[in-house]
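Thank you all for coming; I would like to walk you through one structure this morning.

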Amino acid sequence: MISYLAILAFILVAYFIYTKGIRMFIKKRYYESQGARFIRGEVPVLGHLLRFKQILEGAPTNDHPWHTSVVEDFGTGKLPKVIGMFNSFEPCLFVTDPKMINEMYVSKNKFFDKHDGVYNALYTLMGDTMLFQ
């Protein structure tokens, strides 16, 4: 007879796999449908950690592993407007288009600076400037 502890362990493992592994790929598919292009090599639960480790153990370079991954995947020419990678389970999006950055910080700033974390980080960097008026 299967013990209740084994059933509970199975349910917890299944929940972890769904919430962390499968949802990671659901998020990736959503952002790709919005136009973001992800660097290749993500692993469920670890994200791009293994690829970055391989880059760091490879040829000695002063470049950041993220930069090396972007150059390997997209070349040194024109980059996509939004590049994505996974930091563990969560997607990180890097905006490379100056027009999009300008729109985020200037045109749509009334929505951007309402989050406390963004406000605190930017206020620490920029002080009391016209950005927060």
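I will speak about aromatic pairs, then a helix, and then a pocket.

A word on the source: this is a predicted model, in which local features need pLDDT of at least 70 and side-chain atom pairs count only at pLDDT 80 or more, while totals for chains, interfaces and linings use all residues. Residues are numbered from 1 along each chain as its sequence is written, and side-chain values use heavy atoms, with hydrogens and water left out.

How many aromatic pairs does the structure hold? There are two, where rings of Phe, Tyr and Trp (its six-membered ring) pair if their centres lie within 6.5 Å, and planes under 30 degrees apart count as stacked, over 60 as edge-to-face and the rest as tilted. Tyr30 and Tyr31 make an edge-to-face pair, with 5.2 Å from centre to centre and 65° between the planes. Tyr30 counts as partly exposed because its relative accessibility is 48%, on a scale where buried means under 20% relative accessible area, exposed over 50% and partly exposed in between, with a 1.4 Å probe and protein chains only.

In the other pair, the ring centres of Phe38 and Phe86 are 5.3 Å apart and their planes are at 20°, so this pair is stacked. Phe38 lies in strand β1 (residues 37-38) and Phe86 in strand β2 (residues 82-87), so the pair ties together parts that are 48 residues apart in sequence; helices (H or I, at least four residues) and strands (E, at least two) are DSSP runs, numbered from the N terminus. Both Phe38 and Phe86 are buried.

Turning to helix α2, which spans residues 49-57, we find Arg51, Phe52 and Ile55 buried. They cover an arc of only 100° around the axis, and therefore sit on the same side of α2, the arc being that of the directions from the helix axis to the C-beta atoms. On the face turned away from that buried side, α2 carries the exposed residues Leu49, Gln54, Leu56 and Glu57.

Finally, which residues line the largest pocket? They are Tyr31, Gln34, Gly35, Ala36, Val82, Leu93, Val95, Met100 and Met104. A pocket here is an open set of points on a 1 Å grid over the protein atoms alone, where a 1.4 Å probe fits, with protein on both sides within 12 Å along at least five of seven lines, and lining residues have an atom within 4 Å of a point. The elements giving two or more residues to this lining are β3 (90-95) and α4 (98-107).
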